[in-house]
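Please examine the sequence and the model shown here before reading on.

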There are 2 protein chains.
Amino acid sequence: MPKIAIVGSGFIGRAWAISYARAGYDVSLWDVDAQAPDAAVSYISEVLTDLDDNDLLNGQSPTDVLARLRAEPDLEKALDAAVHVQENAPEKVKVKQELYTRLDELAGPQTVLASSTSALLPSRFTEHLKRRERCLVAHPINPPYLIKAVEVVPSPWTSDAAMEQTRLLMLEAGQSPIMMTKEIDGFIMNRLQGALLEEAFRLVAGGVASAEDVDIGIREGLAARWAFMGPFETIDLNAPAGVRDYVGRYDGMFANMFEQMKTRVDWSGEVLDRIEEDRRQRLPADKLEERQKWRDRRLMALAVHKRSQEEKTGK
Amino acid sequence: MPKIAIVGSGFIGRAWAISYARAGYDVSLWDVDAQAPDAAVSYISEVLTDLDDNDLLNGQSPTDVLARLRAEPDLEKALDAAVHVQENAPEKVKVKQELYTRLDELAGPQTVLASSTSALLPSRFTEHLKRRERCLVAHPINPPYLIKAVEVVPSPWTSDAAMEQTRLLMLEAGQSPIMMTKEIDGFIMNRLQGALLEEAFRLVAGGVASAEDVDIGIREGLAARWAFMGPFETIDLNAPAGVRDYVGRYDGMFANMFEQMKTRVDWSGEVLDRIEEDRRQRLPADKLEERQKWRDRRLMALAVHKRSQEEKTGK
């Protein structure tokens, strides 16, 4: 199978490595910290056991998948013959600019250079490159081996060929690519998340709701539908004659609300004290890590549930 | 067990009846249309079989639960000795004002009058009543027997006693009450949904995403976490030191995006043509009803999944 290079083998890089190796790709892991790739491989080995227990390895054994991974201390060797580079360096323009200069020199001309960045537009760190047309962003929701959506974002100079090659790779890797037509701050998912969070902060700041009230309203309310339909299919099914009927009924209500949502609440002001107090009361700071493990178990169980429902009841 | 009166036995009323009867309450169903309560009971009887097949009747048989329901053509008898009235009349101020005048006269002084309205503030149809302090909104996400969140919303004159009585009832009925401190357009859930939809319409209007891209970003992306955590717990676990750390890292990015979100997109303009076209291509209009049944099966399966995970892995 073709080879993929993971550049930056921390939190995101190692998760990508699982997704690609599970799909059958050979994966080399490199990091500026020479210890990181080996640490990543041993972390991955544990995750693979969990995935196997949940039948999430497409019928392969953890040993099969692990055999495709290789910690590679030398960047040139890591990139050699790779069809795709998945870069997961720190979210700093300068760091990425310098790194991409090296990647652009070392990687073969057909290799796509894809960044996992969530915060930087691809144009900000690829403009200066010789082969900048093969650079783009492929932004996952972590971890990609459990959450399928990946935003594929072009800069103004990204070629259609690089976009298409990445789309096909994402499908091969079992992801659900969202093919964007242009770069925009926050891409799609963080814009949707941002819009929801703006109102959530505002509700807490106005004394209308606690952080927990907001969380109940989503986790015991709206997200029950969003988790398998998304917001547009949800409203399409929420009025007898579909989405146009829904808009006809409720547009006025939403237009009215929007007028109250135009001023930003300072997230780091007093409202953050209140939210943090609520959260720390429910989850002390020293339990955050344990709770992250619980989240990952729940995400795994949800992935299994969704797959089984898609087989049984349809997608 | 105490008795609950369902006033308005359509779509929402019958769903409430299931939730209350399953919890052991006697339930009388009334409607301005004399045929509706009987139709509701026969509809409910089918749903109870489905719920039983999914072990969602708390160990009771459909016959046990059905025996607690009574179609009641006479409003006075329906209200007699009820501790709680759940009103589900059309979303028209005038209709509700007149109905509440009757309910206020007929219901005993301790009876809470709760409206299922999603669009009207409780003050708009209860101000004129003699015992207006026992009136409030209890707004579910339909169907409440599968989705737990219920917003309990006071008018300026609702008593603490009525709020507390309703909170306890909701807990008894297996719901997750969100206790609001004041009325506000859209309450909490429709404000959060509205904020997200505003940005979703804007992304489609700007040619950045299709309706399906947005739906993928939520159903294969963000909602995987929101479905069991909510947005605040999500960001609390998304930075090593919790929510304050998250805000420190990303506040600037979200502040920047917010500047691009201040102008409203006309939902019913050209963007709606595009969204409707995308939806109808995926789901022809004559399949909407079938797809709504699919949605209800998926909601039921998700409710079962969440319960089992909460028992196994914790809430």
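This is a predicted model: local features need pLDDT of at least 70, side-chain atom pairs count only at pLDDT 80 or more; totals for chains, interfaces and linings use all residues.

Residues are numbered from 1 along each chain as its sequence is written, and chains are lettered from A and ligands numbered from 1 in the order in which they are written.

Chain A is divided into domain 1 (3-179) and domain 2 (190-282), with bounds that come from an automatic or database domain assignment. The centres of these domains of chain A, taken over C-alpha atoms, are separated by 33 Å.

Consider next helix α1 (residues 11-22) and helix α2 (residues 36-53) of chain A, whose axes come within 10 Å and cross at roughly 55°. Helices are DSSP runs (H or I, at least four residues) and strands likewise (E, at least two), numbered from the N terminus. Axes are lines fitted to C-alpha atoms, for helices over the stretch in contact, and angles run from 0 to 180 degrees between N-to-C directions. α1(A) and α2(A) are therefore oblique to each other; angles under 35 degrees count as roughly parallel, over 145 as roughly antiparallel, 65 to 115 as roughly perpendicular and the rest as oblique. On the side of α1(A), the residues G13(A), R14(A), A17(A) and I18(A) meet A40(A), Y43(A), I44(A) and V47(A) of α2(A). Two residues are in contact if their C-beta atoms, placed from the backbone, lie within 7 Å.

How are the two chains related? A rotation of 180° with 0.0 Å of shift along its axis superposes chain A on chain B, with an RMSD of 0.1 Å. Such copies are superposed by least squares on the C-alpha atoms of residues with pLDDT of at least 70 in both. That is the relation of a two-fold axis. The same surface serves both copies, since 99% of the contact residues of chain A recur in chain B.

The contact takes 88 residues from chain A and 87 residues from chain B. On the side of chain A that touches chain B, α9(A) gives the most, with 17 residues.

One crossing between the chains involves α8(A) and helix α11 (residues 243-258) of chain B, whose axes come within 10 Å and cross at roughly 90°. α8(A) and α11(B) are therefore roughly perpendicular to each other. R191(A), G194(A), L197(A) and E198(A) of α8(A) make the contact with F254(B), M257(B) and F258(B) of α11(B).
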